[in-house]
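Student: I would like to learn how to read a structure like this one. Could you take me through it step by step?

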Amino acid sequence: MHEVSATPAWVLIAYLISGVCFILALRGLSSPSTSQRGNRLGMIGMAIAVGTTLAIHEIASIAEIVGAIAIGGAIGLVTAKRIQMTAMPQLVAAFHSLVGMAAVLVGAAAFLNPAAFGIVDAAGAILPVSRVEMGLGVAIGAITFSGSVIAFLKLNGNMSGAPILLPLRHVINLGTLVAILGLIAYFTQDQSPWIFWTVTALAFAIGFLLIIPIGGADMPVVVSMLNSYSGWAAAAMGFTLHNSAMIITGALVGSSGAILSYIMCRAMNRSFISVIAGGFGAVEGPAGGAAAIDRPYKRGSAEDAAFLMQQADKVIIVPGYGMAVAQAQHVLREMADLLKKEGVEVKYAIHPVAGRMPGHMNVLLAEANVPYDEVFELEDINSEFAQADVAFVIGANDVTNPAAKTDKSSPIYGMPVLDVEKARTVLFIKRSMGGAGYAGVDNELFYRDNTMMLLADAKKMVEEIVKALG
Amino acid sequence: MDFISILSIFVLACFVGYYVVWSVTPALHTPLMAVTNAISSVIIVGALIAAAAAGSASAKWLGLIAVALASVNIFGGFAVTARMLAMYKKKDR
């Protein structure tokens with residue numbers, strides 16, 4: 001009856017191979033040229049894991065299982081095919097929520113039918129160590145689910161991106177976390193169903209409470225963090241099932257999300273704790289906007305911009321979230337092509353937190369057929385702005401603010417920024433002069449002598465520049 | 001497998017994950033998230049065990065729903081990753 005201890009060696013090896021395939025899938029992402037092979041290895045690894053599981057278990061009804069896979073698979077494939085690249089952050093958040101929910105359901109199923117999972121002792125009680133693993137797995141899964149649902153709603157615009165601050169939220173959150181851990185500890189002594197379900201319910205609640213105070217600008221960190229949680233949930237379930245494929249995958253995904261969160265936090269010069277505590281950018285918006293009205297700035301037209309760039313030797317384009325919102329990436333590439341025809345050198349500079357998830361801008365540029373060897377990360381291109389004739393800022397704001405380097409009182413002080421002001425001319429596309437970036441701070445860059453503001457919708461402005469160039 | 005061997009696998013895999021993920025180029029961070037999403041749905045293994053087992057009808061149905069949810073992720077995650085990766089091209093020379 002104790003299936004796990006009786007697992008044949010070939011099965012252990014099959015799961016191990018599946019885990020190795022997943023490692024190689026991530027390894028492939030070290031370069032775009034090897035990445036597609038890596039992705040295929042990932043699929044093979046998954047097929048091995050699923051095939052092995054089906055092969056070694058007595059299946060009561062295969063038709064239902066095939067049906068469930070077919071329904072889920074069809075929904076997944078259609079979504080993957082139809083989704084717009086600009087909506088990728090929402091999609092990833094939605095997918096995370098599914099992993100979280102699946103973990104909760106598996107945990108609940110293991111609790112209701114522990115014998116099937118081989119986690120019972122001779123007397124039929126669930127092994128204490130399995131109870132802890134199960135409790136942790138369900139709790140992390142539930143947090144991943146409800147947190148991802150909120151992240152999805154915020155990213156998709158169904159819910160305001162502004163932080164929602166409850167009174168006493170830190171006390172409530174800490175209290176709930178302590179309660180969850182305490183109940184899981186008590187669960188080892190007493191396997192009553194109420195403990196299991198209370199842990200699940202509290203975990204759903206805390207996932208919700210943790211994410212609502214976090215503003216839209218911090219979503220890259222949140223999405224990475226939830227990515228990490230979905231991995232730890234899988235790992236916890238792997239412990240319950242003694243399954244090496246799940247443990248290896250959980251560890252990989254968990255570290256991946258953790259590293260991405262770290263990279264995002266570093267790029268904003270914020271601590272992980274301050275992001276999680278939430279509330280950033282909640283207060284200052286109007287103040288920054290008011291200051292902007294009084295100060296003189298230079299305004300240019302599409303023709304001026306076209307002329308300046310035609311005369312240039314080197315243009316560096318700095319895209320940001322605004323480009324994604326305006327869907328301006330395709331026309332931007334057209335503009336770059338026309339400039340290249342005139343002999344202008346064009347490069348793209350990407351700040352790590354540009355957009356709403358790590359690597360968001362790179363995907364959008366790739367979608368618009370921008371070759372990836374023209375796209376550079378902050379540390380690789382920052383020294384080149386001094387030799388550039390034009391820095392063309394489209395939809396980015398805070399990541400170009402020189403105050404981050406000089407003004408100690410600025411909320412973004414210390415954040416690494418792109419040195420766009422060192423270019424001979426800065427062309428800055430912005431919808432209007434009112435309204436600051438999401439950090440709620442005014443941008444020093446707008447009022448500099450070498451900055452020309454192009455006030456219009458990003459896509460329309462670039463279309464006009466293309467017309468003027470053609 | 002006993003708890004200690006499982007824990008060893010887990011700890012070593014965390015280190016592997018750490019080094020492998022740092023070597024991922026920042027340009028591919030979005031596909032990284034999509035593919036990690038797909039592979040974390042290896043949790044389907046647990047869902048299949050629950051769905052296949054006789055004994056508890058409610059556990060079976062929870063398992064089947066979990067199989068369907070994980071399948072959305074597996075097929076969707078790998079497909080959207082493949083779609084993104086196919087877009088990354090070098091300069092034509």
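Student: How much area do chain A and chain B bury between them?

Tutor: Please keep in mind throughout that this is a predicted model. Chain A and chain B bury about 8,000 Å² between them, and 79% of that area is on carbon and sulfur atoms. Counted by residues, 101 of chain A are in contact with 80 of chain B.

Student: How many salt bridges are there between chain A and chain B, and which side chains meet?

Tutor: The general idea is that side chains of opposite charge can pair when their charged atoms come close. Between chain A and chain B the count is one salt bridge, in which the side chains of E64(A) and K60(B) meet at 3.0 Å, taken from N to O. Residue pairs in polar contact between the two chains number 18, where both residues have pLDDT 80 or more.

Student: Which helices of chain A supply residues to the side that touches chain B, and how do those residues divide into nonpolar, polar and charged?

Tutor: Helices that each supply at least two residues to that side of chain A include α1 (9–27), α2 (32–56), α3 (62–82) and α4 (88–112), and also α5 (128–156), α8 (219–241), α9 (244–268) and α15 (360–367). The residues on the side of chain A that touches chain B divide into 65 nonpolar, 26 polar and 10 charged.

Student: Where does the UniProt annotation "transmembrane region" fall in chain A?

Tutor: An annotation comes from a record, and it can be set beside the geometry of the model. In an unreviewed UniProt entry, "transmembrane region" covers several spans of chain A, among them residues 132–153 and 245–265. In the model, residues 132–153 of chain A are 100% helix and 0% strand, with end C-alpha atoms 32 Å apart, while residues 245–265 of chain A are also 100% helix and 0% strand, with end C-alpha atoms 30 Å apart.

Student: What does UniProt place on chain B?

Tutor: The unreviewed entry gives "domain: NAD(P) transhydrogenase alpha subunit C-terminal" for residues 7–90 of chain B, a span that is 79% helix and 0% strand in the model. UniProt also places "transmembrane region" at residues 6–25, 32–55 and 61–86 of chain B. Residues 6–25 of chain B are 85% helix, and residues 32–55 of chain B are 75% helix, with end C-alpha atoms 39 Å apart.

Student: How is chain A divided into domains?

Tutor: Chain A is divided into domain 1 (1–82), domain 2 (85–282) and domain 3 (289–469). The centres of domain 1 and domain 3 of chain A, taken over C-alpha atoms, are separated by 43 Å.

Notes. Residues numbered from 1 in each chain as written. Chains lettered and ligands numbered in written order. Predicted model: local features only at pLDDT ≥ 70, side-chain atom pairs only at ≥ 80, totals over all residues. Heavy atoms only, no water. Contact = heavy atoms within 4.5 Å. Buried area = accessible area lost by both parts, 1.4 Å probe. Salt bridge = Lys/Arg side-chain N within 4 Å of Asp/Glu carboxyl O. Polar contact = N/O pair within 3.5 Å; in protein donor to acceptor, adjacent residues only side chain to side chain. Helix = DSSP H or I, 4+ residues; strand = E, 2+ residues; numbered from the N terminus. Nonpolar A, V, L, I, M, F, W, Y, C, P; charged D, E, K, R; others polar. UniProt positions renumbered as here; feature names shortened; annotations may be inferred. Domains from an automatic or database assignment.
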